[in-house]
Amino acid sequence: MIPDTFAQLRLELDLSDITPDPSVQFSRETWFDHVRDLYAVSVQVSGDTSYLGLAQRDGSISQIIEDVRFIFKSSYYWFSFINVPRFYNNFMDPIRRGRMQPSLLLSLLAVSKCLQGAGQLCPEGTYHVAVLLRDEAQGYLEASLHARAIDVELAQAAWVRLHLSGRA
């Protein structure tokens, strides 16, 4: 009886090492590449989108930075709860960016596109991109909630997402 009890105890210990919560480590390492590629494909006006070259990816990073600046400059009072210098420090540093909540950046980009679309003659394309970014932000927000990766940035992303839902 001792060997059976020992085997059962060992099996219980092995099973206790399995974490029931989903891991967000891979997502944390690759989310910005996904956002950059998504932005390059969805914001691109013309050209072949089947292959994303280095110039397109650099251009999408520049466009992301420009759209983030737009949102903070055009409606700073709506986002006064975000420490803008800290946000930029985290966003521009690749190591710190890996610890950011992807849903915060995506929510800000969605609001930025929504506001920019209001000033265009043909805003349908811009609104389509805003809805796409909003849906991506919602997916990352839910993934963080399920993984119990809750922090201040997630709360900020939820606030931005909540206030965007009535616009896009």
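Predicted model: local features only at pLDDT ≥ 70, side-chain atom pairs only at ≥ 80, totals over all residues.
Figure 1. Residues are numbered from 1 along each chain as its sequence is written, and side-chain values use heavy atoms, with hydrogens and water left out. Helices (H or I, at least four residues) and strands (E, at least two) are DSSP runs numbered from the N terminus. The axes of helix 6 (residues 102-118) and helix 7 (residues 124-146) come within 8 Å and cross at roughly 165 degrees. Helix 6 is therefore roughly antiparallel to helix 7; angles over 145 degrees count as roughly antiparallel, under 35 as roughly parallel, 65 to 115 as roughly perpendicular and the rest as oblique. Axes are lines fitted to C-alpha atoms, for helices over the stretch in contact, and angles run from 0 to 180 degrees between N-to-C directions.

**Figure 2. Residues at the contact of helix 6 with helix 7.** Helix 6 contributes Pro 102, Ser 103, Leu 106, Ser 107, Leu 109, Ala 110, Lys 113, Cys 114, Gln 116, Gly 117 and Ala 118 to the contact. From helix 7 come Thr 126, Tyr 127, Val 129, Ala 130, Leu 133, Arg 134, Glu 136, Ala 137, Tyr 140 and Leu 141. Contact means heavy atoms within 4.5 Å. These residues divide into 13 nonpolar, 5 polar and 3 charged, where Ala, Val, Leu, Ile, Met, Phe, Trp, Tyr, Cys and Pro count as nonpolar, Asp, Glu, Lys and Arg as charged, and the others, Gly among them, as polar.

Figure 3. The 17 residues of helix 6 should span 24 Å at 1.5 Å a residue, which agrees with the 25 Å between its end C-alpha atoms. The expected span is 1.5 Å times one less than the number of residues. Helix 6 has 15 of its 17 residues buried, so it is largely enclosed by the rest of the structure. Buried means under 20% relative accessible area, exposed over 50% and partly exposed in between (1.4 Å probe, protein chains only). In helix 7, the buried residues include Thr 126, Val 129, Ala 130, Leu 133 and Ser 144.

**Figure 4. The loop between helix 7 and helix 8.** Arg 148 lies in this loop and, just after helix 7, takes a positive phi of about 60 degrees. Most residues other than glycine have a negative phi. Arg 148 is exposed, with a relative accessible area of 61%. Asp 151 belongs to the loop between helix 7 and helix 8 as well, and is partly exposed at 31%. Although 51 residues separate Asp 151 from Met 100 in sequence, their C-alpha atoms are 9.7 Å apart.

Figure 5. Glu 153, in helix 8 (residues 152-164), counts as buried at 15% relative accessibility. Leaving out residues up to four places away in sequence, Glu 153 touches Asn 90, Arg 99, Met 100, Gln 101 and Leu 104. Val 160 of helix 8 is buried at 2% relative accessibility. With the same exclusion of residues up to four places away, Val 160 touches Phe 79, Phe 81, Ser 107, Leu 108 and Val 111. Val 160 and Leu 105 are 55 residues apart in sequence and 9.9 Å apart C-alpha to C-alpha. Val 111 is placed in helix 6 and is buried at 12% relative accessibility. The C-alpha atoms of Val 111 and His 163, 52 residues apart in sequence, are separated by 9.1 Å.

**Figure 6. Thr 30 within the helical chain.** Thr 30 is found in helix 2 (residues 25-43) and counts as partly exposed at 27% relative accessibility. Thr 30 and Gly 98 are 68 residues apart in sequence, with C-alpha atoms 8.0 Å apart. The protein chain holds 8 helices and 0 strands, and 37% of its 168 residues are buried. Of the contacts between residues at least 6 apart in sequence, 68% join residues at least 24 apart.
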